[in-house]
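Thanks for coming. I have one structure to show today, and I will keep it short.

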Amino acid sequence: MATQSTPPPSQGGGSVKYAIIGLLLIAAAGGIWIAMKDTKEEPGPQAPADAGVIERSTALAEPELVIPDPEPDAGPQLDAGPPRKRVVYRYVAGDWECSGNIAAAEARRVIAENNRQVRNCYERQLKTNHTLQGSLSLQLKVGSNGQVTGTRVGGSLRDPAVFSCVRNLAQQWRFPAPTGGNCAVLSAPFQFTPRE
């Protein structure tokens with residue numbers, strides 16, 4: 001019986017693989033060197049050839065550099081957070097001295113009809129400020145045709161959003177025409193506390 005033996009696997013070729021990797025690394029390094037050599041560098045200040053001594057400048061800036069005077073503060077920067085809301089109260093100009101009268105029962109009826117809307121102004125703000133409470137005093141100037149021609153608000157509530165809402169509502173109210181004069185001034189107090 002004859003046995004055939006298989007030849008052992010070839011051990012050659014390992015050094016060829018390393019030679020190829022080495023050549024690729026050398027080519028890459030050469031390419032980087034050529035690319036860096038081709039970049040144009042701006043020449044810096046050079047000393048005259050005949051000076052013989054190189055002077056080193058310790059100046060932080062060129063002498064021609066002009067630093068402007070500081071300008072006054074122009075207000076909050078854009079990244080300083082949201083701007084604060086400025087509230088300005090404007091009252092209807094004119095004379096609030098009126099000699100006319102509106103019957104108290106009629107005035108109370110109109111105010112009572114709109115009491116729910118006034119309360120809604122307060123309730124909307126109560127959602128953002130859960131401790132909001134206090135009094136609101138509303139003054140109304142009623143013209144000769146019964147329309148509200150001026151409003152003023154004040155009180156311990158001191159919430160600009162509620163004040164503005166109530167003033168805007170009151171401008172729409174209609175009262176009976178004043179008797180005994182061309183206008184009348186009414187006051188309506190409101191007390192606001194959160195409902196339990």
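This is a predicted model: local features need pLDDT of at least 70, side-chain atom pairs count only at pLDDT 80 or more; totals for chains, interfaces and linings use all residues.

Residues are numbered from 1 along each chain as its sequence is written, and side-chain values use heavy atoms, with hydrogens and water left out.

The core, then. A nonpolar core here is a set of buried Ala, Val, Leu, Ile, Met, Phe, Trp, Tyr and Cys residues joined through side-chain atoms within 4.5 Å; buried is under 20% relative accessible area, with a 1.4 Å probe and protein chains only. The largest one has 28 residues, and Leu140, Trp173 and Phe175 are among those with the most contacts inside it. Helices H2, H3 and H4 and strands E1, E2 and E3 each supply at least two of its residues; these are DSSP runs, helices being H or I of at least four residues and strands E of at least two, numbered from the N terminus. Leu140 touches, among others, Trp96, Val148, Trp173 and Phe175, leaving out residues up to four places away in sequence. Touching means heavy atoms within 4.5 Å.

Next, H4. Its buried residues are Val162, Phe163, Cys165, Val166, Arg167 and Ala170, and their cover includes H3, E1 and E2.

Last, where is arginine 119? Arginine 119 sits in helix H3. Its relative accessible area is 14%, so it counts as buried. A polar atom of its side chain lies 3.0 Å from the backbone oxygen of threonine 193.

Terms used:
Buried means under 20% relative accessible area, exposed over 50%, partly exposed in between (1.4 Å probe, protein chains only). A polar contact is a pair of N or O atoms within 3.5 Å; within protein, one must be able to donate a hydrogen and the other to accept it, and residues adjacent in sequence count only if both atoms are side-chain atoms.
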